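Reader: I am new to this structure and would be grateful for a close look at its charged side chains. Please set them in the context of the whole chain.

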Amino acid sequence: MSFYPETWKEYLKTPVFVINLDKSKDRMESCNKRLSERGFLHVERWKAEEPTEENIKNNWLMHGSPKFDDIDPSFKIQYPKQSCVLSHLNCIKNAIDNNIE
């Protein structure tokens, strides 16, 4: 298989990661149902990062503690925004580390 699936059936076999907070079980169930109805065969839940100060700080340390741009000053103090970015970064890092295409 090439980097990009060549047929729709191949595309439906590729992994789909759903980033989901532990407390949002109903959202995960709904998402699983909708993806299954559309034929996706490989759906995995990726645990979203909790927006707590300690968790956010520890996660940024794992990513080298980058400096934030001043374009969105609220980002520095809004842990939900940061946890969303970190959840996506961690999911992408997992795909890279595990050679998931």
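Author: In what follows, a residue is called buried under 20% relative accessible area, exposed over 50%, and partly exposed in between, with a 1.4 Å probe and protein chains only. The model is predicted, so local features need pLDDT of at least 70 and side-chain atom pairs count only at pLDDT 80 or more, while totals for chains, interfaces and linings use all residues. Residues are numbered from 1 along each chain as its sequence is written, and side-chain values use heavy atoms, leaving out hydrogens and water.

The overall fold comes first. Four helices and two strands make up the secondary structure, where helices (H or I, at least four residues) and strands (E, at least two) are DSSP runs numbered from the N terminus. Along the sequence they follow the pattern α-β-α-β-α-α. The C-alpha trace spans about 45 × 35 × 25 Å along its principal axes. Its radius of gyration, taken over C-alpha atoms, is 16 Å, whereas a compact globule of 101 residues would have one near 13 Å; the globule rule is 2.2 Å times the number of residues to the power 0.38. Of the 101 residues, 25% are buried.

What joins the side chain of Glu 49 to that of Asn 55 is a polar contact of 3.1 Å. Such a contact is a pair of N or O atoms within 3.5 Å; within protein, one must be able to donate a hydrogen and the other to accept it, and residues adjacent in sequence count only if both atoms are side-chain atoms. Not counting residues up to four places away in sequence, Glu 49 touches Leu 21, Asn 55, Asn 59, Ser 83, Leu 86, Ser 87 and Asn 90, where contact means heavy atoms within 4.5 Å.

Side chains of opposite charge can pair when their charged atoms come close. The structure holds eight salt bridges. One of them joins Lys 47 and Asp 22 at 3.7 Å, N to O. This pair links distant parts of the chain, 25 residues apart: Lys 47 belongs to strand 2, and Asp 22 to the loop between strand 1 (16-20) and helix 2 (25-37). Lys 47 counts as partly exposed because its relative accessibility is 39%, and Asp 22, at 33%, is likewise partly exposed.

Asp 70 and Lys 76 meet in another salt bridge, at 2.9 Å, N to O. Here Asp 70 is exposed at 55% relative accessibility, while Lys 76, at 40%, is partly exposed.

A further salt bridge, of 3.0 Å, N to O, brings together Asp 72 and Lys 81. Both ends are partly exposed, Asp 72 at 27% relative accessibility and Lys 81 at 33%. Elsewhere, salt bridges that share partners join Asp 22, Arg 45 and Lys 47 into one network.

Key:
A salt bridge is a side-chain nitrogen of Lys or Arg within 4 Å of a carboxyl oxygen of Asp or Glu.
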